[in-house]
Amino acid sequence: MRLSHTLGRTSVAFDDPNLVSAAGLVPALALAESAGLGDLADEHLSVPTDKGANAGLKVASLIAGMLAGADSIDDMALLRHGGMGRLFAKAYAPSTLGSFLRAFTFGHVRQLDAIASRFLIALAGLTRLLSPPAGPAISDEDAGYALLDVDDTIVEVHGHAKQGAGFGYSGVRGLNALLATLTTASTAPVIVAQRLRKGACGSPRGAKRLVGDAVRTSRRLLGETRLLVRMDSAFYGRGAVHAALKGGAAVSVTVPMNPAVKRAIATISEQAWTTIEYTDALFDEGSDTWISRAEVAEVAFTAFASAKKSEHVPGRLVVRRIPDFNAEKHKAAGQDTLFDVWRFHAFFTTADPAVLDTVAADKTHRQHAVIEQVHADLKNSALAHLPSGVFTANAAWLVLAVIAFNLTRATGTIAAPDLAKATTATIRRKLINLPARVATSARRITVHLPHAWPWEAAWTALFDRVSDPPPVRAA
C-alpha cells in the first residue's frame with residue numbers, strides 16, 4: 001500500500017461537524033443502558049456536593065472513554081468531537097470527570113464495587129457472557145468446575161505525587177491491583193471482584209474479603225455450578241481459603257515447601273507417580289501413555305494443621321515432580337548422580353476426586369496463569385495508567401476499568417462467536433473505533449459507516465441485538 005497522491009497535493013481540514021471516530025459506542029452504550037449502568041450508579045453512589053451530581057451520566061462517560069481507548073482523564077476529551085453531541089447527551093469534560101473521581105472516598109469505591117457486581121450480573125442476563133454456546137446440553141458430569149482465579153499485579157506509576165505508591169514484590173514502583181476472574185469451560189474470563197492496594201503491601205492483604213465477594217458474585221452468576229478457586233502460594237493462608245470454603249467453593253492453591261509439606265511428599269511411594277503431558281512430552285500410541293519427564297502423585301493432607309482444630313482443612317496434596325536441571329547438567333558433563341534428583345511443585349486442593357483426579361487436578365491448576373492474560377489486557381487498555389495522584393480516585397478508576405472490560409467482553413460475545421474470547425484491543429479495533437458520518441432526515445439519525453468494513457456482519461449483529469434486547473435479569 002502507498003499514498004495515491006503526494007503530500008504536496010493533499011490537504012487536511014478538521015472541519016466536519018458530522019464525523020465521529022468511535023461509532024461502536026452506540027451499540028455498546030445501548031447495551032450498558034439496557035443492563036442498567038446509569039440507574040445503578042444513580043441509586044448506589046452517594047458522592048457528595050455538586051461533584052457527585054448526575055453520577056450515572058459521569059460513570060457512563062468514563063466507561064465510554066475507556067471503551068474507545070482512553071487510559072487517562074485527559075483522554076476523555078475524545079468524547080467531545082465532531083458529531084458525538086448528536087449521538088450522545090451529557091458527555092462531560094475531562095476536568096469535570098477528574099473532579100468527580102477525586103471526590104471519592106473508600107466508602108464510595110465500595111459502592112462502585114457493588115455497582116460493578118450488579119452490572120455484571122445484569123450483563124450476563126442479557127447476553128451469553130457466561131453461558132455455553134447453543135448446542136447439546138452439557139451434563140453435570142462433563143461440566144467440571146467453573147474456575148475462579150485470584151491474583152495480583154503491580155501497575156507501574158511515575159512521579160512522587162501518587163498516594164500509596166511503593167516498591168512491591170516485583171521491584172517496580174507502583175500500586176497493587178488484586179483481581180478475581182471467573183471462567184467456564186466454554187467462555188472467556190470476566191472479572192468478578194477487584195481491589196486497589198498500596199504498592200508495598202503483601203499479596204494476601206485483603207484477599208479474604210475479596211475472595212468472599214468474588215465467590216458470592218460467582219454464585220449469583222452461575223447458581224449451584226461447581227466452583228473452584230485457584231490461587232498461588234502467596235494466598236495460601238487461612239483467610240482466603242476459609243472464605244472460599246465458606247461460600248461453598250473448592251480450592252486449589254499452591255503451597256510453600258514448608259516442613260509439613262516435605263514430610264507429606266516423602267510418604268509418596270515410587271509406584272504412585274504417573275507420567276503426565278508436560279513440556280516437550282510425546283504421546284506413544286502403542287502404549288497409550290505420555291513419554292515425559294514430569295510425573296504427578298497425590299497424598300491426603302490437612303492444611304493449617306498447626307492451627308486450632310476448627311481451622312483445619314482436609315484435602316489432597318497434589319505433587320508434580322520434574323528432574324532437577326542442575327543435576328542434568330552434571331550428567332551431561334559425565335558426572336552421573338547416584339540417584340535421580342527431582343524438583344517438586346505441590347498444591348493443596350479440596351476438589352472432588354471424582355471430578356478432578358490427580359492428573360486432571362494438576363492440569364487444571366497449571367491453567368491458573370490465564371489470569372495473567374487478563375492483567376495484560378487491562379494494562380493494554382484502561383489500566384495502562386493510574387491517572388490521579390489521589391489513591392481513592394485511582395481505586396475508582398480500577399473498578400471502572402473492570403466494568404469497561406466486562407462490557408467489552410459482552411459486546412464481543414453478542415457480535416460474533418470468534419470475538420467472544422477476543423482481547424479488548426481486538427474488539428475495540430473491529431467494533432468500537434469505527435469512523436462514521438452522522439446524518440439527520442425526517443427526525444431520524446442515520447449513522448453512515450465505511451463501505452466494505454471487514455467486520456460489517458459482526459457490527460450489524462451487535463447493533464440489531466441491542467436494539468431490541470430481552471428483559472434484563474434482576475440484579
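Student: Which helix gives the most to the lining of the largest pocket?

Tutor: A pocket is best read by asking which elements supply its lining, and in this predicted model the leading contributor to the largest pocket is helix 1, with six residues. Helix 1 spans residues 25–34, and it is joined by helix 2 (37–44), helix 3, helix 4 (84–87), strand 15 (444–448) and helix 16 (456–467), each of which supplies at least two residues of that lining.

Student: How many residues line the largest pocket, and which of them lie nearest its centre?

Tutor: The lining of the largest pocket comprises 29 residues, and those nearest its centre are Leu25, Val26, Leu29, Leu87 and Phe88. The volume of this pocket is about 670 Å³.

Student: Which residues meet where helix 2 packs on helix 3?

Tutor: From helix 2 come Leu37, Gly38, Ala41 and Asp42, and these meet Ala55, Gly56, Val59, Ala60 and Ile63 of helix 3. By class, this contact has six nonpolar residues, two polar ones and one charged one.

Student: How do the axes of helix 6 and helix 8 cross?

Tutor: The axes of helix 6 (residues 106–126) and helix 8 (residues 207–222) come within 10 Å and cross at roughly 25 degrees. Because angles under 35 degrees count as roughly parallel, helix 6 is roughly parallel to helix 8. Helix 6 passes helix 8 in a right-handed crossing.

Student: Which residues make the contact of helix 6 with helix 8, and how do they divide by class?

Tutor: On helix 6 the contact is made by Arg110, Ser117, Leu120, Ile121 and Ala124, while helix 8 brings Arg209, Asp213, Thr217, Arg220 and Leu221. These residues divide into four nonpolar, two polar and four charged.

Student: Turning to cavities, how many of 30 Å³ or more are there, and what lines the largest cavity?

Tutor: The count comes to four cavities of 30 Å³ or more, and about 60 Å³ of space lies in the largest cavity. Its lining is made up of Met66, Leu67, Leu378, Ser381, Ala382, Ala401, Ala404, Phe405, Thr408, Thr424 and Arg428. Helix 3 (55–67), helix 14 (391–415) and helix 15 (424–432) are the elements that give two or more residues to this lining, and the largest share, four residues, comes from helix 14. By class, the lining of the largest cavity has seven nonpolar, three polar and one charged residues.

Methods. Residues numbered from 1 in each chain as written. Predicted model: local features only at pLDDT ≥ 70, side-chain atom pairs only at ≥ 80, totals over all residues. Heavy atoms only, no water. 1 Å grid on protein atoms, 1.4 Å probe; cavity = no way out; pocket = protein on both sides within 12 Å on 5 of 7 lines; lining within 4 Å. Points joined across faces, edges and corners; volume = space filled by probe spheres on them. Nonpolar A, V, L, I, M, F, W, Y, C, P; charged D, E, K, R; others polar. Axes fitted to C-alpha atoms, helices over the stretch in contact; angles between N-to-C directions. Parallel < 35°, antiparallel > 145°, perpendicular 65-115°, else oblique. Left-handed = near helix turned anticlockwise from the far one by under 90°. Contact = heavy atoms within 4.5 Å.
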